Amino acid sequence: MAMGLVSLVVVGTVLAADATPGAKREEFKQKVENIRDERKKKIVERVDANLAEINKRRTDAMTRHLDKMSEILAKVKLRGGATTAAQVAVVEARSAVAAQAAKTYTITISTEYKLKFNVGETMKALKTDLQAVHQKIVDARKTIADVIRSVKKASPAP
């Protein structure tokens with residue numbers, strides 16, 4: 001059962017990677033033009049723009065947090081802490097944030113009647129991806145906290 005799920009995920013990833021973002025964007029624009037209800041059309045366009053803005057805002061905030069973590073690690077290293085594991089965790093989190101920032105989320109419109117479902121699926125994909133990247137940052141923060149605790153234990157009390 002698990003093997004089937006893995007192969008399904010791999011196939012889904014490969015199929016998603018086949019379409020270039022530019023081609024997918026053009027297809028989205030054409031499908032939006034075919035929507036007859038003007039109110040729905042404006043909502044879909046607004047949500048599409050918001051998805052890109054949300055991704056940018058969240059990845060920028062994550063990058064700022066990682067920068068602050070790097071500054072803290074530099075200070076801990078000066079105090080003699082073993083920061084190798086924490087630095088690796090920060091680098092991994094930083095690469096995950098960079099990969100997330102490069103992603104584009106384009107709503108795949110099947111029919112006008114399934115717009116709500118299509119928009120929801122795209123929003124869910126963004127949310128899931130952002131949560132995964134956020135978890136990497138949380139893990140890096142925990143690793144840094146462990147390093148800080150070890151330095152505090154090792155240094156004598158004033």
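Reply: Helices (H or I, at least four residues) and strands (E, at least two) are taken here as DSSP runs, numbered from the N terminus. On that basis the protein has 5 helices and 0 strands, following the pattern α-α-α-α-α along the sequence. The model is predicted, with local features requiring pLDDT of at least 70 and side-chain atom pairs counted only at pLDDT 80 or more, while totals for chains, interfaces and linings use all residues. Residues are numbered from 1 along each chain as its sequence is written, and side-chain values use heavy atoms, with hydrogens and water left out.

The axes of α3 (residues 38-78) and α4 (residues 84-102) come within 10 Å and cross at roughly 165°, where axes are lines fitted to C-alpha atoms, for helices over the stretch in contact, and angles run from 0 to 180 degrees between N-to-C directions. α3 and α4 are therefore roughly antiparallel to each other (under 35 degrees is roughly parallel, over 145 roughly antiparallel, 65 to 115 roughly perpendicular, the rest oblique). Their crossing is left-handed, a term used if the near helix is turned anticlockwise from the far one by less than a right angle, with clockwise giving right-handed. The residues of α3 in this contact (heavy atoms within 4.5 Å) include Asn55, Met62, Leu66, Met69 and Leu73, and those of α4 include Val90, Ala93, Arg94 and Val97. By class, this contact of α3 with α4 has 9 nonpolar, 6 polar and 3 charged residues (Ala, Val, Leu, Ile, Met, Phe, Trp, Tyr, Cys and Pro count as nonpolar, Asp, Glu, Lys and Arg as charged, and the others, Gly among them, as polar).

On the α5 side, the axes of α4 and α5 come within 8 Å and cross at roughly 165°, which makes α4 roughly antiparallel to α5. The crossing of α4 and α5 is again left-handed. Among the residues that meet are Ala86, Ala89, Val90, Ala93 and Val97 in α4, and Leu126, Leu130, Val133, Ile137 and Ile144 in α5. The contact of α4 with α5 divides into 14 nonpolar, 2 polar and 3 charged residues.

Leaving aside residues up to four places away in sequence, Ile137 touches Met62, Leu66, Met69, Ala93 and Val97. Over the protein as a whole, buried residues make up 27% of the 158 residues (buried means under 20% relative accessible area, exposed over 50%, partly exposed in between, with a 1.4 Å probe and protein chains only).

Ala82 has its place in the loop between α3 and α4 and counts as exposed at 66% relative accessibility, while its C-alpha atom is separated by 8.7 Å from that of Ser150, 68 residues apart along the chain. Arg36, in the loop between α2 (21-33) and α3, is likewise exposed, with a relative accessible area of 65%. Not counting residues up to four places away in sequence, Arg36 touches Glu112 and Tyr113.
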